[in-house]
Amino acid sequence: MRSRKPFIIYWPQYFDAKRSRANGRRVPKKLAVEKVKLSDITAAAKRLGYDIQQESNYKYSKSWWDDAGRLLVDTKGKKKSKVLIEIAKEIKKVNK
């Protein structure tokens, strides 16, 4: 098994406006996006200058039937919650 040491996992479900907090959304409702795709999150993280790895063959445990994938982001020492908000704001800015 390879090490994911500098990387933190981000799932598309964290940004989904149709989900409740209990079902996996981690950003505030005003920053959430409907029908968010892994490619949207990837593009936003790249624009913010983060090193990323996209893994499309993984499934979020709370919705194992969705085929969403996940994103590994090197946050460069920042907290996961701070980077999550940054990425959500970047996605919102592009989707306006």
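In this predicted model, the largest nonpolar core holds 26 residues, and those that touch the most other members are Tyr14, Phe15, Val27, Ile41, Ile87 and Ile91. The top contributor is helix 2, which gives 5 residues.

Once its neighbours within four places in sequence are set aside, Ile91 is in contact with Phe15, Val33, Val36, Asp40, Ile41 and Ala44. Two of the names on that list, Phe15 and Ile41, also turn up among the core residues that touch the most other members.

Now for the overall layout. The protein is built from 2 helices and 3 strands, and reading along the sequence gives the pattern β-α-β-β-α. The strands come together as an open sheet, in the order 1-3-2, with antiparallel pairing. At the edges sit strand 1, covering residues 7-10, and strand 2, covering residues 51-55, each of them pairing on one side only. From one strand to the next, the sheet twists by 25° on average.

What does strand 3 look like from its two partners? With strand 1, strand 3 (residues 70-74) pairs in the antiparallel sense over 4 bridges. Along this pairing, Ile8 stands opposite Val73, and Phe7 stands opposite Asp74. With strand 2, strand 3 again pairs in the antiparallel sense, here over 5 bridges. On that side it is Asp51 that stands opposite Asp74. Asp74 therefore has a residue across from it in each direction, Phe7 and Asp51.Strand 3 is also well covered, with 5 of its 5 residues buried. Arg70, Leu72 and Asp74 point one way from the strand, while Leu71 and Val73 point the other way, and all are buried.

The helices come next. Helix 1, made of residues 38-47, lies across strand 2 and strand 3, and runs at about 170° to strand 2. Helix 2, made of residues 80-95, packs on the sheet and touches strand 1 and strand 3. The direction of helix 2 makes about 55° with that of strand 1. Ile41, one of the contacts of Ile91, falls within the residue range of helix 1, and Ile91 itself falls within that of helix 2.

As for the protein as a whole, the C-alpha trace spans about 35 × 30 × 20 Å along its principal axes. The radius of gyration is 12 Å, which agrees with the value near 12 Å that a compact globule of 96 residues would have. Buried residues account for 42% of the 96 residues. The accessible surface comes to about 6000 Å², and 50% of it belongs to carbon and sulfur atoms. Among contacts between residues at least 6 apart in sequence, 63% join residues at least 24 apart.

Lys35 sits in the loop between strand 1 and helix 1, and its phi is near 55°, a positive value in a residue other than glycine. Is Lys35 buried or exposed? Lys35 counts as exposed because its relative accessibility is 67%, and the cut-off for exposed is over 50%. Lys76 also has a positive phi, of about 55°, although it is not a glycine. The place of Lys76 is the loop between strand 3 and helix 2, and with a relative accessible area of 53%, Lys76 is exposed.

Lys18 belongs to the loop between strand 1 and helix 1. With a relative accessible area of 62%, Lys18 is exposed. From C-alpha to C-alpha, Lys18 and Ala45 are 22 Å apart in space, and they are 27 residues apart in sequence.

Conventions
Residues numbered from 1 in each chain as written. Predicted model: local features only at pLDDT ≥ 70, side-chain atom pairs only at ≥ 80, totals over all residues. Heavy atoms only, no water. Pairing = 2+ DSSP bridges. Axes fitted to C-alpha atoms, helices over the stretch in contact; angles between N-to-C directions. Contact = heavy atoms within 4.5 Å. Rg over C-alpha atoms; globule rule 2.2 N^0.38 Å. Buried < 20%, exposed > 50% of the residue type's maximum accessible area, 1.4 Å probe, protein only. Areas by Shrake-Rupley, 256 points an atom, 1.4 Å probe, with all protein chains shown as cover. Core = buried A, V, L, I, M, F, W, Y, C linked by side-chain atoms within 4.5 Å.
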